[in-house]
Amino acid sequence: MEDTKNVMFRQIPSVDELLVTSGIKSMLSTIPRALILRAIRQILDELREEIRKAPVGDEMPDVGLSTVVDQITRRVSILSQPSLRQVINATGVIVHTNLGRSPVPKRVISAFNSLAGCYSNLEYNLNTGKRGSRYVHVQDILRELTGAEDALVVNNNAAAVLIALDTIAKGKEVVISRGQLVEIGGSFRMPDVMRKSGAKMFEVGTTNKTTIRDYEAAIVSDTALFLKVHMSNFQIVGFAQEVSLEELVGLGRKYSIPVMEDLGSGCLIDLSRYGLKKEPTVQDSVEKGADIITFSGDKMLGGPQCGIILGKKDIISKIKANQLNRALRVDKLTLIALQETLSIYRDEEKAIRQIPTLRMICQSYPSVCRKAERLRGLIGKIDTSNFVISLSDGFSQVGGGALPLEGIKSRLLCLSPRRLSASRIVEFLRSYDPPVVVRLEKNNVLLDLRTIQEKEVKIVAAAIQKMSTKNRLLPKQKSL
Ligand SMILES: *Cc1c(COP(=O)(O)O)cnc(C)c1O
């Protein structure tokens with residue numbers, strides 16, 4: 001039986017044979033040879049692997065010259081596409097880390113247009129003609145919007161926490177509640193970040209209850225910091241107690257120990273005014289007297305990836321002088337995007353309308369319903385042998401660790417499988433151009449209209465129409 005496999009292996013065309021076929025030769029005139037060779041090698045490797053793995057007596061793959069050339073042609077076209085590309089987020093998770101968190105506001109894109117392709121005064125003081133600081137461009141507006149004494153921006157919030165701990169508490173003790181030793185996902189675990197910074201973690205309280213007396217009893221001569229961490233993606237309910245920021249600041253003042261708050265998402269707008277549960281705002285934390293506050297730029301703020309550090313002037317100055325700052329610094333594209341995003345916040349109404357993340361969070365249920373009706377209308381009457389379409393109510397998630405238990409009421413398009421299985425539907429939509437990423441729940445495929453942009457509704461409708469007319473789905477595309 002092994003002989004059959006050996007015969008098959010020998011029948012696979014060689015690279016040289018393939019290179020002289022008319023199909024490949026015609027590609028060579030327009031596509032770089034290295035790319036074509038990469039596609040050829042991938043396909044040949046996959047064929048060999050398929051034969052090697054095939055159970056004895058099973059059907060073997062077709063290794064005829066024309067079939068293989070077809071496969072290579074398709075692979076070349078896949079490999080020529082940029083790897084990072086647009087997808088449609090139909091998951092209903094607004095700040096979706098795997099899908100790039102926050103789409104940036106239009107203003108950011110026009111600022112890229114006018115600024116990113118030129119030189120700028122990134123680190124050049126136009127008044128003195130001398131070297132300037134890249135941080136001044138967002139420092140003043142951050143102070144203006146939040147009331148903080150000073151501000152600094154680094155690569156992301158993980159970096160913000162790391163550099164703050166390294167600066168304030170290296171080799172010293174940081175007191176933290178056991179209920180706040182969180183893992184954010186993507187391997188950000190508070191205890192690990194603390195270890196990396198060289199701070200010694202001192203846990204107080206229990207998983208569900210921590211009191212101010214626990215903090216006070218933990219103070220020793222080298223206690224450098226009280227750290228409060230936003231619980232982000234989980235909640236402790238029932239018999240639970242946390243110490244408020246005010247109380248902690250009070251204790252900190254009494255013993256001259258600074259208080260740091262890692263806010264995680266960091267929202268600048270009180271969303272309870274828009275019918276959501278109140279998340280503490282950044283301004284609240286500043287007002288309550290936290291000495292250092294950190295949060296992400298691309299979660300609820302709706303801007304570029306970065307970590308924003310606010311706080312007292314003396315501490316921020318020390319963080320700026322930390323050598324790590326050089327390694328964690330943000331580039332000009334980030335600063336352009338952050339500068340523009342922050343400037344929208346000067347007008348709250350505008351922020352809700354122009355910052356996509358906030359717009360999606362605040363979009364009213366009736367308005368999402370209208371979008372759903374529009375999608376249903378555009379799809380029109382379809383053949384229901386592959387799947388059945390209906391509209392239903394459901395919940396979107398803010399994501400990024402904000403408001404973890406609070407779904408936002410939303411309207412979903414539901415595809416119930418018939419001839420096509422749910423997983424084939426998911427796969428079809430994911431391989432569409434642009435890919436549509438959906439949610440799978442109880443064997444139904446759900447598309448949440450809240451995270452589908454107005455201009456994407458048409459594309460989604462076309463994808464669903466196309467899928468309904470498929471007699472048989474294409475053979476499974478090899479994942480790359
Ligand atoms: C998300 C989050 C982080 C990590 O922020 P990144 O911007 O992803 O680096 C840290 N702390 C908390 C509480 C978070 O929610």
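Residues are numbered from 1 along each chain as its sequence is written, and side-chain values use heavy atoms, leaving out hydrogens and water. Because the model is predicted, local features need pLDDT of at least 70 and side-chain atom pairs count only at pLDDT 80 or more, while totals for chains, interfaces and linings use all residues.

Let's start with helix 13, residues 313-321. Helices here are DSSP runs of H or I with at least four residues, strands are E runs of at least two, and both are numbered from the N terminus. Ile315, Ile316 and Ile319 in helix 13 are buried, meaning under 20% relative accessible area, with exposed over 50% and partly exposed in between (1.4 Å probe, protein chains only). These three lie on the same side of helix 13, because they cover an arc of only 95 degrees around the axis, taken from the directions from the helix axis to the C-beta atoms. Lys318 and Ala321 are exposed, on the face turned away from that buried side. Among the elements covering the buried residues are strand 3 (150-154) and helix 8 (157-169); contact means heavy atoms within 4.5 Å.

Now over to strand 8, residues 223-229, where seven of seven residues are buried. Strand 8 runs parallel to strand 4 (residues 173-177), joined by four bridges, and pairing takes at least two DSSP bridges. Here Glu173 sits opposite Thr223. Strand 9 (residues 259-264) also pairs with strand 8 in parallel, over four bridges, with Val229 opposite Asp262.

Last stop, friends: Ser343 in helix 15 (residues 332-344). Ser343 counts as buried because its relative accessibility is 16%. Leaving aside residues up to four places away in sequence, Ser343 touches Arg107 and Ile141.
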